[in-house]
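Welcome! Take a moment to look at the model below, and then let us walk through it together.

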Amino acid sequence: MRKRNAKEDNDSSFTGTLLDGSDLKQCHKKTDAASDPGGTAMGRRCRRGGLMWRLRRILIWVLGIYITIPVIIKLCPSIQAKLVFLNFVRVPYFIDLKRPQDQGLNHTHNFYLQPEEGINIGVWHTVPAAMWREAQAKDAEWYEKSFQSSHPVILYLHGNAGTRGGDHRVQLYKVLSSLGYHVVTFDYRGWGDSEGSPSEKGMTSDALFLYQWIKQRIGQKPLHIWGHSLGTGVATNLVRRLCDRGTPPDSLILESPFTNIREEAKSHPFSMVYRYLPGFDWFFLDSITANDIRFASDENVKHISCPVLILHAEDDTVVPFQLGKKLYDLAAQSKSLNGHKVQFIPFPSSLGYRHKFIYKSPQLPNILSDFLSATLPHM
């Protein structure tokens with residue numbers, strides 16, 4: 001009888017305390033089907049204590065990861081650069097960039113250029129849809145000579161992640177081709193099948209090299225620059241440099257642009273969980289600056305002297321609409337843009353264009369025609 005009472009006394013010791021690992025083992029022994037068939041109060045306390053212990057461990061792990069990430073990024077700023085460029089993300093996967101025809105671009109030529117020694121970049125040239133039949137089975141020489149046609153040219157600078165073969169990019173090439181444009185696009189160094197490592201300086205250098213390459217082949221025919229998302233930062237870098245030289249392009253088109261990379265990073269949905277963390281700027285934004293990444297379009301527009309068109313969807317969650325509107329306000333007040341057409345076209349949320357589907361707009365041909373003050377040949 002004394003042994004039985006001592007056991008009961010030991011059972012009562014579980015009340016009012018959080019169970020540790022050894023207690024949980026005892027609980028499992030005491031509350032199995034054989035010893036606790038009715039689910040006694042002691043058994044329920046064991047189960048509740050075990051659940052609390054597991055939740056506490058999960059909370060500690062989550063908190064540890066939450067704290068560790070900004071520390072790692074601060075200690076290794078190169079990680080932040082990779083998150084800005086996302087050049088290692090190749091979407092869609094398993095496409096052969098040497099075969100643009102696989103993406104429905106059978107009037108497109110793939111080739112490679114060398115902006116500097118040891119760096120080869122992949123380029124696509126899509127001719128206007130009016131030249132589609134003539135383009136079939138043609139070689140590199142024919143495509144290069146096609147620049148001598150009367151059709152204007154758009155140099156397209158894509159955003160981060162993916163390649164020049166991204167689906168929304170391909171769909172835009174088709175739209176612009178149907179409107180009578182040559183479309184030339186490429187993967188910056190470190191993207192797609194282009195060699196080298198990514199950097200803001202390298203991206204801008206590649207864009208400048210390709211702009212000059214095109215200009216040598218088209219002479220005085222119109223050459224427009226179109227940037228999307230991160231590519232808008234490259235585009236304003238490029239156009240500022242051209243304007244400083246006194247050789248501005250015929251126009252600059254910015255799709256879903258931001259003001260500068262710090263404001264974009266702070267507004268990006270990925271930063272939401274850290275945005276209000278004390279020291280957010282020091283941990284994250286200063287790490288971007290440490291990689292010499294600025295993409296300061298808000299500064300660049302003060303030095304640009306060519307027509308500027310900004311397109312932005314109100315439901316864009318990647319680059320918030322207010323950043324594009326803010327950039328437009330700055331451009332409209334820029335002295336260097338005085339006398340040049342500066343236009344902002346918003347797309348209502350009801351259309352669902354978000355960050356990368358403005359190409360779907362049936363109004364896009366009219367918008368471009370009105371902005372460029374020219375009648376564009378249609379397919």
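Tyr156, His168, Arg169, Leu172, His228, Glu255, Lys356 and Tyr359 line the largest cavity. On a 1 Å grid over the protein atoms alone, a cavity is a set of points where a 1.4 Å probe fits but cannot get out, and lining residues have an atom within 4 Å of a point. Helix α7 provides the largest share of this lining, three residues. About 40 Å³ of space lies in the largest cavity, and a search of the whole structure finds one cavity of 30 Å³ or more. Such a volume is the space filled by probe spheres set on the points, with grid points joined across faces, edges and corners.

## What you are looking at

This is a predicted model, in which local features need pLDDT of at least 70 and side-chain atom pairs count only at pLDDT 80 or more, while totals for chains, interfaces and linings use all residues. Residues are numbered from 1 along each chain as its sequence is written, and side-chain values use heavy atoms, with hydrogens and water left out.

The protein chain has 14 helices and eight strands; helices (H or I, at least four residues) and strands (E, at least two) are DSSP runs, numbered from the N terminus. Of the 379 residues in the chain, 48% are buried. Here buried means under 20% relative accessible area, exposed over 50%, and partly exposed in between, with a 1.4 Å probe and protein chains only. Among contacts with a separation of 6 or more, 73% are between residues 24 or more positions apart, where contact means heavy atoms within 4.5 Å.

Which way do the residues of β4 point? His182, Val184 and Phe186 point one way, Val183 and Thr185 point the other way, and all are buried. In a regular strand the side chains alternate between the two faces of the sheet. The strand covers residues 182-186, and five of its five residues are buried.

Two strands pair if DSSP finds at least two bridges between them. Strand β2 (residues 119-126) is joined to β4 by four bridges, and the two run antiparallel; here Val123 has Phe186 as its bridge partner. Strand β3 (residues 153-157) is also joined to β4 by four bridges, but these two run parallel. Tyr156, a residue of the cavity lining, has Thr185 as its bridge partner in β4. From β3 the chain crosses through helix α7 (residues 167-178) to β4, in a right-handed β-α-β crossover. Right-handed means that, with the strands pointing away from the viewer, the path from the first strand over the helix to the second runs clockwise.

## The nonpolar cores

A nonpolar core is a set of buried Ala, Val, Leu, Ile, Met, Phe, Trp, Tyr and Cys residues joined through side-chain atoms within 4.5 Å. The largest one has 59 residues, and Leu155 and Leu157 touch the most other members. Its largest share, eight residues, comes from helix α8 (residues 200-218). Another core, of 30 residues, lies apart from it and includes Leu97, Tyr156, Trp226 and Phe347.

Leu157 touches residues including Phe186, Tyr188, Ala207, Ile225 and Trp226, leaving aside those up to four places away in sequence. Asp206 sits in helix α8 and counts as buried because its relative accessibility is 0%. With the sequence neighbours up to four places away left out, Asp206 touches Pro115, Ile121, Phe186, Tyr188 and Arg189.

## The largest pocket

A pocket is an open set of grid points with protein on both sides within 12 Å along at least five of seven lines. The largest pocket has a volume of about 980 Å³. Of the 38 residues that line it, Leu83, Leu86, Asn160, His268 and Phe270 are the closest to its centre. Helix α11 (280-290) gives the most to this lining, with four residues.

Look in the loop between α4 and β1 (108-116) for Pro92. The peptide bond from Val91 to Pro92 is cis, with omega near -5 degrees.

Ala161 lies in the loop between β3 and α7, and its phi is near 60 degrees, a positive value in a residue other than glycine. Ala161 counts as buried because its relative accessibility is 17%. Arg354, in the loop between β8 (342-347) and α14 (364-372), also has a positive phi, of about 50 degrees, although it is not a glycine. At 42% relative accessibility, Arg354 counts as partly exposed.
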